[in-house]
Amino acid sequence: MTPPGPLTGGQRLLLAALFLASLAVRLPRLDAPFTGLCELDAAIYAQEFRNAHRHGFAATGGWPCRLPGRWQPGEPPGHHATHWPAALWLNVLFQKAVGVGAAPMPGWSVRAVSVLAGALTPLLLFLIVRRLADERRAWIAAAIGAVLPSAVYFSQAVSCHLPLMLFFSLAAFLAYLRWRTGEGGWAAFAGILMVSLGCLWEAF
């Protein structure tokens, strides 16, 4: 496999515009109430984020997530008893970085990581398809990924595992392709793959 040439200035500008468009279609529900079929568990997610702020990561899941003694007395383990905890960690780290704590916890801080992952995913699609096929197909794939209704919907949901798993899986695949062509090391591929596996929906 021959690696593609470097991106031109025009291609970089188009990718930046694609990212902004992808982000724009995901922003309207950023601070919306928790509604919809895929947000029935939103209160549980928000509570898990609060627990992580109040008690530290050890209180909301370790590795693996079913280790005993990870929960505060009287608090149910919630979804992260069976989900790998990377999505939880990434959300809480983002909240800490922007200065959001356990209370108050605005809705945008619960969705922001998923929205960013969803908006960046079309760029990974472009880079991957450009390597495996050609640039025309890469732009088509990226454009579809930016506005595909199901992709937009799930990247707006509080249930953050799906957009994060897709983003890091594609990032790991791109790192693998770069490793195969001698452009990157195996450590980058392995590290990103581990993060992707850490965002799996069901662990057990």
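The legends below accompany a set of close-up views of a predicted model.

Figure 1. Let us begin with the overall layout. The protein chain has eight helices and zero strands, giving the pattern α-α-α-α-α-α-α-α when read along the sequence. Of its 204 residues, 41% count as buried. Among contacts with a separation of 6 or more, 71% are accounted for by residues 24 or more positions apart.

**Figure 2. Arg 26, a buried residue in a loop.** Here we look at the loop between α1 (9–24) and α2 (42–55), where Arg 26 has its place. Is Arg 26 buried or exposed? Its relative accessible area is 1%, so Arg 26 is buried, the cut-off being under 20%. Leaving aside neighbours within four places in sequence, Arg 26 is in contact with Val 115, Gly 118 and Ala 119, with Gly 145 and Ala 146, and with Ala 151, Val 152, Ser 155 and Gln 156. One of these residues, Gly 145, places its backbone oxygen 3.5 Å from a polar atom of the Arg 26 side chain.

**Figure 3. Asn 91, a buried residue in a helix.** This view moves to helix α3 (residues 86–97), in which Asn 91 lies. Asn 91 has a relative accessible area of 0% and is therefore buried. Which residues does Asn 91 contact, leaving aside its neighbours within four places in sequence? They are Phe 49, Ser 109, Val 110, Val 113, Cys 160 and Leu 164.

**Figure 4. Phe 167 and Phe 168, an edge-to-face pair.** The structure holds seven aromatic pairs, and this close-up shows one formed by Phe 167 and Phe 168. Their ring centres are 5.1 Å apart and their planes stand at 80°, so the pair is edge-to-face. Both angle and distance matter to the label, because a pair of aromatic rings is described by the distance of the centres and the angle of the planes. Phe 167 is buried, with a relative accessible area of 16%. Phe 168 counts as buried too, at 17% relative accessibility.

Figure 5. For another arrangement, turn to Trp 179 and Phe 189, an aromatic pair that is stacked, with 5.7 Å from centre to centre and 20° between the planes. Trp 179 is partly exposed, since its relative accessible area is 36%. Together with Phe 173 and Tyr 176, Trp 179 and Phe 189 form one aromatic cluster.

**Figure 6. The largest pocket and its lining.** We finish with the largest pocket, which holds about 220 Å³ of space. Of the 15 residues that line this pocket, the closest to its centre are Thr 121, Ala 151, Leu 162, Pro 163 and Leu 166. Which helix gives the most to the lining of the largest pocket? That helix is α7, with five residues. At least two lining residues each come from α4 (107–132), α6 (149–156) and α7. By class, the lining has nine nonpolar, five polar and one charged residues.

Terms used
Residues are numbered from 1 along each chain as its sequence is written. This is a predicted model: local features need pLDDT of at least 70, side-chain atom pairs count only at pLDDT 80 or more; totals for chains, interfaces and linings use all residues. Side-chain values use heavy atoms; hydrogens and water are left out. Helices (H or I, at least four residues) and strands (E, at least two) are DSSP runs, numbered from the N terminus. Buried means under 20% relative accessible area, exposed over 50%, partly exposed in between (1.4 Å probe, protein chains only). Contact means heavy atoms within 4.5 Å. A polar contact is a pair of N or O atoms within 3.5 Å; within protein, one must be able to donate a hydrogen and the other to accept it, and residues adjacent in sequence count only if both atoms are side-chain atoms. Rings of Phe, Tyr and Trp (its six-membered ring) pair if their centres lie within 6.5 Å; planes under 30 degrees apart count as stacked, over 60 as edge-to-face and the rest as tilted. On a 1 Å grid over the protein atoms alone, a cavity is a set of points where a 1.4 Å probe fits but cannot get out, and a pocket is an open set with protein on both sides within 12 Å along at least five of seven lines; lining residues have an atom within 4 Å of a point. Grid points are joined across faces, edges and corners, and a volume is the space filled by probe spheres set on the points. Ala, Val, Leu, Ile, Met, Phe, Trp, Tyr, Cys and Pro count as nonpolar, Asp, Glu, Lys and Arg as charged, and the others, Gly among them, as polar.
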